[in-house]
Amino acid sequence: MNWMTTIFYFFGAITVLSALGILFTRNVLHATFLLMLSFFSVAGIYVLGNASFIGVTQLLIYVGGILILMVFGLMLTTKLNGKALVTENHNRLIGVLLGTVFFSILSYIIIFSANFEMLKSNKTLPENAVEFIGINLMSNYLIPFEIAAILLLVALIGAAVISEKRKEKQE
Amino acid sequence: MEYASQLNNQLQNTIALLSGYWPEFIIVIGLVVTLIIDLIFFNKEKNSNWWIGFVNLVFLILAFTKQVDVYSYFSNLGEFMKLVLLFAGVLFIVFSLTQTHQTKKAGEYYIIFNGLLIGALLIAKSTNLLVIYLGIEMMSISAYVLSAFSFNKNSAEASLKYLLFGAVSSAFMLFGMSLLYGFTQTLNINDFELLHTVKVIGDLPIKLAVFMTMFGFLFKIAATPMHIWSPDVYEATPTFVVAAFSVIPKLAVFVLLFNIADKFLVFPEVELLLQFTAILSLTIGNFAALWQKNAKRMLAYSSIAHTGFLLIAFFANMQSFVFYGLVYLIMNFAVFGLVKVVEQKFSITDIEQYIGLGKKIPLIGVLFVVALISLTGLPPTAGFTAKILVFSGIWEKYLTNHNPVYLSLFVFGLFNTVVSLFYYLKIPYFMFIKKSNEVILNEHKSSTVLTYLIGSLVFVLILCFFLPNSLMDMIYSINFAQ
Amino acid sequence: MSTIIFFLPFILIYTIFAVYGERKISAFIQDRYGPMEVGKYGWYQTVADLLKLIQKEDIVPKKASKKLFLIAPVIIFTSIFCGFVVLPITSSWEGTLTQNGVYFLLAIVSLDVVGILMAGWGANSKYSLLGALRSVAQIISYEIPVTLSVLCVIMISQSLNLQEISYQQGILINAFPDMENVKNYLFGISALNIDVTNWGGVFTWNIFRAPVLIPVFIIYFISTLAESNRAPFDLPEAESELVAGFHTEYSGFRWAIIMLSEYGMMLLVALLGVILFLGSWNTPLPNIGNIMLANWTTGEPETIAGNLWSVFWLLSKALMWIAVQMWVRWTYPRLRIDQLMSLSWKYLTPFAMFLIFVSGLWRLLMI
């Protein structure tokens, strides 16, 4: 049991540290790769929590999909002049202040004042999570599922409209 | 297997639920049909606006009639407001149809508007966090895209701003929702028992979760701390889209607020937050509008102020809210339509350029005056009736529970009505009163159909002042108890 | 039981032979000699190459982004190698994460794109960058038909568990838990009422259990060729335009790792294809009457004979698959980039989507 906890903390540490790295690095490319690391370890935590389906989904969608798109976009938009793409930051003082205040409020409320002990549910996870998820998607969550499909369609069309426009201008 | 029988039950429930979704379903079919028609029959060069818009109109009217059935079955606030939203959708499409020369991506324009409408309908109907989130996202994503539909630099900037603010507020909302789900272990708001959960989890976390969720909702109605996006977006977006923006998402989210009120407003803090937001929206919206030079920007601030009024109506009673919402819809469509007419005729949107227009286009000038008077809330227009209803409602509320907050809502509302007079009447002032130095403006053709449409809307505004009974009867047919 | 113990050494050895095989096959197809000087029939040529690669200097270009450049080959190899952990090898030796096997494999393999991008970007060379961009665009595009075609199989077999899919395709079907009473029918059509559960062999392979999978199989084969950047889809490394694509600047051992992962990818898609379509570790020989060919060449699970038979069938089928991949490489000319994209988006993807629909219907109505 103990090594499971150790691995959990290991993944947790990687998640937090790489997220902090994103915050402090100014090289956008490095930030992106750190984000990948962060997503990766979150997937690890899911797998540890017996939710391997969610873990794999995390990998597939975030690391395999979104992140690759981000990196791809970065590489297409920056020129090959040897300089790294670096972000600038403004209003540093206010940003830091707001961030710290918000962080401390959230951590105080969620971590220290919430009594999660009472929430322990006695629900047991079904043996075959995939089957369970599939059946629920097609019955109880049918409407959200279909809405998500339409949402994606609309978003896709929207993205096409916006990106097509730029091409016309160039011509 | 007992699992199989359970599954059978689940499926039966789902199928039973689906019948309430007919209007949305019809719109989705319309969306897909539009997509296919646009793909097959229309090249980029062809003027597809009329055909595609017409097809959409047919589907929307079908959905509207279906919704009448659904309403007669359920007859609660959500279903009634869905009727109103569909009416707004029909208005939008009729308005857009008058623009015969509009060729820029007509297919996508209507498709994405349909997306916006579906999102709004879902929000108005549902009390499931997941559906609400998806609905809000659908509405937002459609709105981000629609606000880029002028296809110029400003429009792209506005769209990006909208997207950034919207994404942050969505993130907050999602965080809040996830906490709520974690605490209550259910996605259905009707099953929430927050007061009970407070005993288990503790006071602060639940309130935090509720606040964060509300944050996202308030963003959508452009209530004050979360209103910063709206002037830029309103200014750069095509005018009809702005008319839709200022009505459809707002009313939908207000219905959502009604639907969740008895669960979320168990905390006095949440109630106070909303009341405070109402006062802030009123004050900031009205005072900022005083300094605006662009008509669309001014109307953006005016719509922020109206969010404040709607919030007051939310606290007064449902009837006054529904009345106010309906009148607000008609007023806004009329005013934005007029702005569009002027924009089209003379390609101007600055108020100062409206100088002397009253003589050139007297009909439009008169319509403008009536619509703006209605927005201010003066007789003889429906805006006055709506405001009277809201104020009497809130006064009654004050008399029953003597809460000073209600009194201050009342006072601020009255005070701001006076303030709004100054900027609303700026347009008639420039149009009719101020002497012009004969600036020669290029005149283009504008749609006469559109002018008549707006005329009929304005007529309805006046009619509702003199004969509010039929409208009130309709509103009282809603089963408010649910 | 982890199959990594088996696969890590296997990939290394297999790659040596695969490189040799590739040369010999290309020589045979194009009527040339291939390696023949070093050792008999040039047997030692690959070993000599390997020794050369290990000894070579590990060059990092001066203006390259060093961290990314150095780490990229490792990421590419790791992500592909991770795909192997879920594959079953024999009837009693299965991979990890069994419940979500295929799903995990599809997810993790797509990560090699990150490594390729790192390599192409980090090298700070235009050839590398162009190669990387092409490669990523290609892999992402072809991932869709691959995923869809895998989904078709999942629709038919109703499981993400590769071992379960394997058991379904042979005479041992009733030995798997929860499948005690499942029957295989000829061509999967229960209406024909010809029970082939005890025939085994090719009759129970997925492409015969559900003939709808034959076009799916073709789509899978084509798009996995592109996934592993093999000809006729080897645009990312088109030597006439891009020198060597994203690994232009690599040398020595790191280059060897990249080659290793290319061959690893070939093996991976071949193994997955065999598991999904061609009966996994099941024998191709059916029982005919009293001649129990299938039983003789399968063996009982958990026995030594059973393990040996199944690993033999699995690997020989996979290696045959790789041989076909090589055959294709040396037969067909390279595609143009726009042809490549339109093949994926306009033909393979819509067809695969349609086939998913058909597979669902097949599952509902036929089996």
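## Where chains C and A meet

The contact between chain C and chain A draws 22 residues from chain C and 17 residues from chain A; two residues count as in contact if their C-beta atoms, placed from the backbone, lie within 7 Å. On the side of chain C that touches chain A, at least two residues come from each of α4 (101-109), α5 (112-122) and α6 (126-157) of chain C. Helices here are DSSP runs of H or I with at least four residues, strands are runs of E with at least two, and both are numbered from the N terminus. By class, this side of chain C holds 16 nonpolar, four polar and two charged residues. Ala, Val, Leu, Ile, Met, Phe, Trp, Tyr, Cys and Pro count as nonpolar, Asp, Glu, Lys and Arg as charged, and the others, Gly among them, as polar.

A word on the model and its labels: this is a predicted model, in which local features need pLDDT of at least 70 and side-chain atom pairs count only at pLDDT 80 or more, while totals for chains, interfaces and linings use all residues. Residues are numbered from 1 along each chain as its sequence is written, and chains are lettered from A and ligands numbered from 1 in the order in which they are written.

## Where chains A and B meet

Of the two pairs of chains in contact, chains A and B share the most contacts. Chain A brings 25 residues and chain B brings 30 residues. On the side of chain A that touches chain B, the elements giving two or more residues are α4 (92-113) and α6 (142-170) of chain A. The most comes from α6(A), with 14 residues. That side of chain A has 18 nonpolar, six polar and one charged residues.

What about the remaining pair, chain B and chain C? They do not touch, and their nearest C-alpha atoms are 14 Å apart.

## Chain B as a whole

Chain B has 21 helices and zero strands. Its C-alpha trace spans about 80 × 60 × 45 Å along the principal axes. Of its 482 residues, 54% are buried, meaning that 20 or more other C-beta atoms, placed from the backbone, lie within 10 Å of the residue's own. Among contacts in chain B with a separation of 6 or more, 79% join residues 24 or more positions apart.

## Two domains in chain B

An automatic or database domain assignment sets the domain bounds, dividing chain B into domain 1 (14-263) and domain 2 (267-482). The C-alpha centres of these two domains of chain B lie 22 Å apart. Their contact takes 36 residues from domain 1 of chain B and 43 residues from domain 2 of chain B.

On the side of domain 1 that touches domain 2, α4 (77-97), α9 (203-220), α10 (229-236) and α11 (239-264) of chain B each supply at least two residues. Which of the elements gives the most to this side? The answer is α11(B), with eleven residues. This side of domain 1 of chain B divides into 24 nonpolar, nine polar and three charged residues.

## A helix pair in chain B

The axes of α7 (residues 153-184) and α9 of chain B come within 7 Å and cross at roughly 145°. Such axes are lines fitted to C-alpha atoms, for helices over the stretch in contact, with angles running from 0 to 180 degrees between N-to-C directions. The contact of α7(B) with α9(B) has 15 nonpolar, six polar and no charged residues.

Definitions and conventions: A residue is buried if 20 or more other C-beta atoms lie within 10 Å of its own, exposed if 12 or fewer, and partly exposed in between; C-beta atoms are placed from the backbone.
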